[in-house]
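Here are some friendly notes to read alongside the model. Please have it open as you go through the points.

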Amino acid sequence: MLAENRRPRENFRNKPLMNSDKIVIKKIRAFGFHGVLPEERASGQPFLVSLEAELDLAPAGTTDDLAKTADYAKIAELTKKIVEQKPPFKLIEALAEKIATEILRNFPQIKKITVEVHKPCAPIPAEFDDLYVAITRHR
């Protein structure tokens, strides 16, 4: 191979890949009163929320500075607070939408958020392993 046909190798060590960094929190547990049926709204039930937040983690990774990332403890706390809020939502779709909206509003570093709201005790006439909605929102 001729030298003029060779391309120089790029140094990717200091270049983060676009949209490849994520903070993932799986199945935050919280008790809420969301549901269409009166008994769901009266007795409540457990909910599990999984989050996948896309953001550039290079500033935090290269400086070891919490202020340069989205604090996952605060993300989890906000999510739990929304699940436990009253008045409750009828639909888990609305709950997921509220979680996504508030995360994007409170954490400007996050460019894209995927929210899964699991309802393991949903009153449906069938045995099931899991029931959830998943939404993705971005700036």
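1. Let me begin with the helix pair: α3 and α4 pack at an angle of about 145°, their axes 10 Å apart. Axes here are lines fitted to C-alpha atoms, for helices over the stretch in contact, and angles run from 0 to 180 degrees between N-to-C directions. The crossing of α3 past α4 is right-handed, meaning that the near helix is turned clockwise from the far one by less than a right angle. Helices (H or I, at least four residues) and strands (E, at least two) are DSSP runs numbered from the N terminus.

2. This is a predicted model, in which local features need pLDDT of at least 70, side-chain atom pairs count only at pLDDT 80 or more, and totals for chains, interfaces and linings use all residues. Residues are numbered from 1 along each chain as its sequence is written, and side-chain values use heavy atoms, with hydrogens and water left out.

3. Which residues of α3 meet α4? They are I75, L78, T79, I82 and V83, and their counterparts in α4 are L95, K98, I99, E102, I103 and N106 (contact means heavy atoms within 4.5 Å). By class, this contact of α3 with α4 has seven nonpolar, two polar and two charged residues. Ala, Val, Leu, Ile, Met, Phe, Trp, Tyr, Cys and Pro count as nonpolar, Asp, Glu, Lys and Arg as charged, and the others, Gly among them, as polar.

4. Now the sheet: four strands form an open sheet in the order β1-β2-β3-β4, with antiparallel pairing (two strands pair if DSSP finds at least two bridges between them). Because β1 (22-32) and β4 (132-138) stand at the edges with a single partner strand each, one side of each has no neighbour in the sheet. Nine antiparallel bridges link β1 to β2 (residues 45-54), and I25 stands opposite L51 in β2.

5. How do the helices lie on the strands? Helix α3 (residues 72-84) lies across β1 and β2, at about 30° to β1. Helix α4 (residues 92-106) lies across β2, β3 (112-118) and β4, at about 30° to β4.

6. Two backbone details deserve a look. Most residues other than glycine have a negative phi, and most peptide bonds are trans. K27, in strand β1, has a positive phi near 55°. A cis peptide bond, with omega about 0°, joins K86 and P87; P87 lies in the loop between α3 and α4.
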